[in-house]
Amino acid sequence: MEKKTFIGSIMRGDNWIWGIYWLLFFISVIEMFSASSRLVYKSLTSTDPVFRHMEFLFWGLGAVLIFQSLNAKAIRNWGVLLYLLGIGGLIMLPVMGRTVNGAVRDVAGLQPAEFCKVGLMMTLCLAITTSDDFYYRFSLFRKNIQLYRFWFYLLIAGAVGLPIMTQNLSTALIIGMASLSVLWVGGVKALYIRRTLYCLLIVGGIGAAALFGLHEWDVSNVTANKEYVDLGPLNRAHTWASRIFDKDDIPLADQRPNDDNAQVIHAHMALANSYPFGKFIGNSQLRDLLPEAYSDYIYAIIFEETGFIGALFVMLLYLVLLGRCFYLSGKTSDPYVRLLMIALPTIMTIQALMHIGVCTDAMFVTGQPLPLISRGGSSILLTSVSFGIILALSRIVKAEREAHEVPQVQIESL
């Protein structure tokens with residue numbers, strides 16, 4: 001049994017995961033100092049945006065320290081609670097939601113989608129690892145309990161994914177990809193997953209065709225000086241269509257920045273400006289020009305200041321976190337702990353890769369923050385909760401391993 005130090009008694013759980021958390025924490029502080037110049041113009045002092053961001057980070061650190069001490073039963077309960085809080089927030093959005101950048105995404109400063117992402121992963125893992133006895137009590141199709149279970153999983157994911165999609169398509173895509181990954185890793189019948197993918201591809205193809213038609217219609221309306229058609233709850237479809245299908249015959253380098261292309265142009269300039277080794281911390285030349293440099297495009301600023309090596313290092317932090325959690329998940333016999341140990345870093349990594357893809361022009365603009373690094377209260381808080389739960393799971397895995405090692409040592413001593 002290892003002797004605990006003072007720091008070890010405070011920071012419980014896997015040291016690798018703690019190391020990744022602290023690296024992301026300090027990168028977040030440093031890059032917010034670099035990328036928040038546009039916020040400074042709106043603030044009373046030059047340090048207000050950074051200190052406000054640090055306040056979010058320290059609230060998040062408090063969440064990490066609290067959640068890292070939970071046991072497996074408490075984690076199960078918290079998962080259901082976060083899921084229900086997310087559902088409640090989605091219900092309140094149409095009535096109390098605030099419109100930001102053309103979308104209704106937060107209630108009283110909190111984004112229900114962030115609660116849904118974490119709560120869904122925890123609840124879905126609980127549903128997958130619950131025994132058949134629970135489902136037999138409510139099943140009307142006892143001859144095919146596995147199919148009944150699978151429909152229940154889809155209901156859990158769809159209850160948050162579909163409402164979120166109307167205002168935030170990229171978050172719905174992240175939820176969908178993470179949910180299917182968890183179902184696959186959780187041992188759900190491959191036939192069911194495959195058929196679900198076929199259905200999603202068909203629906204996605206129809207949706208893409210509809211968006212293309214909408215985009216052509218919108219272009220013709222703009223040419224004729226007409227307003228966009230009001231689509232009610234799906235009014236964001238105009239934005240999706242323009243982001244996916246907008247193409248310009250003029251090369252990007254020859255275009256002048258405007259409200260539609262400023263983000264993409266200045267993100268490209270930031271990446272090009274990084275040659276060969278970056279401008280070094282605090283020397284970004286595009287931070288004043290790049291909209292949302294402190295949030296949706298912070299990776300472009302990281303790239304500009306630290307070059308390819310620094311940008312690759314940040315990306316690898318999320319991949320190493322996922323790999324480390326995969327490794328630890330194989331060390332426990334508890335199915336729920338094993339599956340959740342994979343689920344939480346998976347959705348975090350998918351979001352990070354989507355943010356990186358947008359900043360490097362590998363995919364269309366989405367508006368996803370870089371987990372724990374970008375500015376945002378709800379995102380930082382719920383990412384911190386995820387880290388705290390991952391650390392708690394790693395502590396449970398470590399305790400289980402030690403419990404199996406002690407009897408072996410005693411036998412050998414005899």
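**Notebook: rings and cavities**

I started with the aromatic rings and counted 12 aromatic pairs. A reminder to myself: this is a predicted model.

I looked up Trp 18 and Trp 22 next. Their ring centres are 6.1 Å apart and their planes meet at 20 degrees, so I noted the pair as stacked, the cut-off being under 30 degrees. Both residues belong to helix H2 (residues 15-35), where they are four residues apart, about one turn of the helix. How accessible is Trp 18, buried or exposed? Trp 18 has 2% relative accessibility, so I put it down as buried. Trp 22, with 24%, goes down as partly exposed.

I then followed Trp 22 to its pair with Phe 25, which is edge-to-face, with 5.3 Å centre to centre and 65 degrees between the planes. These two are three residues apart in helix H2, again about one helical turn. Phe 25 is buried, at a relative accessible area of 4%.

Which residues do ring pairs link into a cluster with Trp 18? I listed Tyr 21, Trp 22, Phe 25, Phe 26, Phe 58 and Phe 387.

I found two cavities of 30 Å³ or more. The largest cavity holds about 110 Å³ of space. Which helix gives the most to its lining? I found that H15 does, with four residues. Helix H6 (112-129), helix H14 (335-359) and helix H15 (377-413) each supply at least two lining residues. Among the residues around this cavity I wrote down Glu 114, Lys 117, Met 348, Pro 371 and Ser 386. By type, the lining divides into five nonpolar, four polar and two charged residues.

The second largest cavity came out at about 80 Å³. Helix H9 (169-185) and helix H11 (237-245) are the elements that give two or more residues to its lining. I noted Arg 105, Arg 236, Trp 240, Arg 243 and Phe 364 among the lining residues.

I counted 15 helices and two strands. Of the 414 residues, 46% count as buried. The accessible surface comes to about 21,600 Å², and carbon and sulfur atoms hold 65% of that. Among contacts with a separation of 6 or more, 71% are between residues 24 or more positions apart.

How values were computed. Residues numbered from 1 in each chain as written. Predicted model: local features only at pLDDT ≥ 70, side-chain atom pairs only at ≥ 80, totals over all residues. Heavy atoms only, no water. Buried < 20%, exposed > 50% of the residue type's maximum accessible area, 1.4 Å probe, protein only. Contact = heavy atoms within 4.5 Å. Areas by Shrake-Rupley, 256 points an atom, 1.4 Å probe, with all protein chains shown as cover. 1 Å grid on protein atoms, 1.4 Å probe; cavity = no way out; pocket = protein on both sides within 12 Å on 5 of 7 lines; lining within 4 Å. Points joined across faces, edges and corners; volume = space filled by probe spheres on them. Nonpolar A, V, L, I, M, F, W, Y, C, P; charged D, E, K, R; others polar. Phe/Tyr/Trp six-rings, centres within 6.5 Å; stacked < 30°, edge-to-face > 60°.
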